[in-house]
Amino acid sequence: MTQELAVEVLKDPSQGFTGIPPQRQAPRTPAQDEPRDLKLKLYSSDNELWIHAIVPDQASETGSWHQAPLEVSPEELLDRAARLRALWRDQIVHHQSTALGPGRRVGGYPLAETADLSELRAVTEPLVAKLAAEGHDLLYVLLDGTGYNLGRFREVLLDALSSDRPLRISIDSPWHLPWPMLAVDPADCADPWEAFWGYRHQVEQASPDYPWDQAPLGHRELATTSLNKDTALDHVGRAQDVHELLDQRSRLIVRTHSEDLLDALSCSVLHEDVMYFWCHGHYVHSGPSNQCLAIRLSDSENIDGPVVRRTRRRYDHRTPQARFKPFVLLNACHTAQAAPPGRLKHLGQELIALGAAGVLAPQIEIPQVFATEYAYAFLDHYLTGKYTAGEVSQLLVRQFAQDFHNPLALTYSLHAGMNSRLDLAS
C-alpha cells in the first residue's frame with residue numbers, strides 16, 4: 001500500500017527558481033499615468049531675476065523645490081519672446097512660395113488659407129523643425145548661465161520637461177512668454193513636433209491672484225454662453241458652424257456692439273459659463289511709448305483692458321454677491337499677449353484680474369479660417385464638461401499636427417484656466 005512521505009526542505013539550492021515565478025502586473029506606461037504638476041515662478045528680488053520650481057518627484061507627492069538666480073534680464077526675455085512670435089507669423093502665416101504645386105496662386109499666403117495643410121506637408125515640416133529650434137533657443141536663453149545653482153536647476157528642470165511623463169505646467173511670472181511655443185531640444189525627440197511644450201504637456205500662464213468666493217449660479221441643465229462678434233466675419237470659414245454649435249448646446253447670448261457687451265459687464269452677476277469673442281484684435285497707441293491691445297465688435301468702439309476694468313470697478317472689492325467667472329475664448333489676433341509690469345494691462349489680463357476662470361487666445365496674428373476651425377473644435381470638446389481646458393488645448397495641438405500638419409494650435413495659450421472644466425452645478 002502506498003503511503004505519502006512527509007518531506008521537509010532544509011536547503012533549496014535553486015532559491016525557488018524551479019517553481020513558477022511570482023506574477024507581476026505590467027508596469028504602467030507614461031501614457032497611462034495622470035499628468036503631474038510642475039510649477040514655475042519667475043520673480044525679481046534685489047534687482048536680480050530668480051526662478052523657482054516645484055518639480056514632480058517620485059519620492060514625494062508634493063514634489064521637490066528648486067530655485068536659482070537667472071543670468072538673463074527681463075528685457076532680453078521679452079525681446080526674445082517678441083522675436084519668436086514674429087518668426088511664427090513670418091514663417092507660417094505670411095509664408096509665400098512660388099513652388100507649391102497646381103492650384104496655388106503666386107503671391108498668396110497658402111499656409112493661412114486653409115486649416116488642413118496635409119497637401120503642403122513638404123513645406124510645413126521643415127518650418128516646424130525650424131520653429132522648434134527657435135523655441136528651444138528661447139528656453140536655452142532663459143536658463144543659460146555659469147552659476148552652480150543655475151546649472152543644477154537647469155539639469156533638474158530639463159529632465160522633467162524632456163521626460164515622457166506628461167505634466168501640467170503652471171508658470172507664475174510678471175513676464176508673459178509664449179510658453180506653448182517653447183521647446184526642449186529637438187535633437188532628443190523622435191519628431192520636431194514633440195519638442196514643443198504645448199505638444200508634450202498642458203501649459204498655462206498662472207494667474208497672480210488668489211481665487212475668491214463668487215455668487216453661485218446653482219444647478220443648470222444647459223450652460224450659458226455668449227458670442228461677442230463682428231458681423232463682418234459671419235461667413236468666414238466655420239464661423240456659422242460655431243454659432244450653430246453654441247445655439248444648439250447652450251443658452252446663447254449674441255452681442256454685436258460694444259454697448260451691449262459693456263452693459264452686460266456692468267451687471268453684478270454675469271451668468272455666462274463661456275464667453276466667446278470672434279472679432280479683430282489690434283494695438284492702439286495710448287502714449288508716446290505704449291500700446292494697448294483692443295478688440296472691436298461690429299461697431300467702431302475699441303474695447304480694451306482699462307474700459308473693462310472701469311465698467312466693473314464697483315465690484316473690485318470682490319464681494320461674494322457678485323460673479324464674473326466665465327471661461328473666455330478670445331479668438332482675436334494677438335490677444336494672448338500681455339503688457340509688461342508697470343504698463344496698462346491688456347484685455348486678457350484684466351479679464352483674469354476680474355475673476356474669469358481662464359482666457360484662451362492666440363499669441364500672434366491668426367488666420368481667420370484656422371481660427372474658426374480651432375474655435376469649433378475647442379468648444380465642441382469643452383461644452384461636454386468631460387475635459388479641462390488644458391486637456392482640450394493639448395489635444396488640439398496634437399490633433400491639428402497629426403491630422404492636418406498645421407502647427408498654429410501651438411500659438412493659442414492659456415492664461416489661467418488649465419484645470420477649468422464646465423460645471424453646471426456651481
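The model is predicted, with an average pLDDT of 89 over the chain. Residues 3–32 have pLDDT under 50.

**Confidence**
- A pLDDT of at least 70 is reached by 88% of the residues.
- For residues 3–32, the model has five contacts beyond four places in sequence.

**Helix α9**
- Helix α9 comprises the 15 residues 368–382, which at 1.5 Å a residue should span 21 Å; its end C-alpha atoms are 21 Å apart, in agreement with that value.
- Its buried residues are F370, A371, T372, Y374, A375, A377, F378, L379, H381 and Y382.
- These buried residues pack against the helices α5 (239–249) and α10 (389–404), and against the strands β8 (274–278), β12 (327–331), β13 (358–362) and β14 (412–415).

**Largest pocket**
- The volume of the largest pocket is about 770 Å³.
- Its lining has 27 residues, with A206, S207, D209, Y210 and P211 closest to the centre.
- Two or more lining residues come from each of β1 (36–45), β2 (48–57) and β4 (167–172).
- By class, the lining holds 13 nonpolar, eight polar and six charged residues.

**Cavities**
- Five cavities of 30 Å³ or more are present.
- The largest cavity holds about 140 Å³ of space, and Q205, A336, S413, L414 and H415 lie nearest its centre among 19 lining residues.
- Nine nonpolar, nine polar and one charged residue form the lining of the largest cavity.
- The second largest cavity holds about 80 Å³; of its 13 lining residues, P180, G198, S393, V397 and Y412 are closest to the centre.
- β5, α10 and β14 each give two or more residues to the lining of the second largest cavity, which has seven nonpolar, six polar and no charged residues.

Conventions
Residues are numbered from 1 along each chain as its sequence is written. This is a predicted model: local features need pLDDT of at least 70, side-chain atom pairs count only at pLDDT 80 or more; totals for chains, interfaces and linings use all residues. Side-chain values use heavy atoms; hydrogens and water are left out. Helices (H or I, at least four residues) and strands (E, at least two) are DSSP runs, numbered from the N terminus. The expected span of a helix is 1.5 Å times one less than its number of residues. Buried means under 20% relative accessible area, exposed over 50%, partly exposed in between (1.4 Å probe, protein chains only). Contact means heavy atoms within 4.5 Å. On a 1 Å grid over the protein atoms alone, a cavity is a set of points where a 1.4 Å probe fits but cannot get out, and a pocket is an open set with protein on both sides within 12 Å along at least five of seven lines; lining residues have an atom within 4 Å of a point. Grid points are joined across faces, edges and corners, and a volume is the space filled by probe spheres set on the points. Ala, Val, Leu, Ile, Met, Phe, Trp, Tyr, Cys and Pro count as nonpolar, Asp, Glu, Lys and Arg as charged, and the others, Gly among them, as polar. pLDDT is the predictor's confidence in each residue, from 0 to 100.
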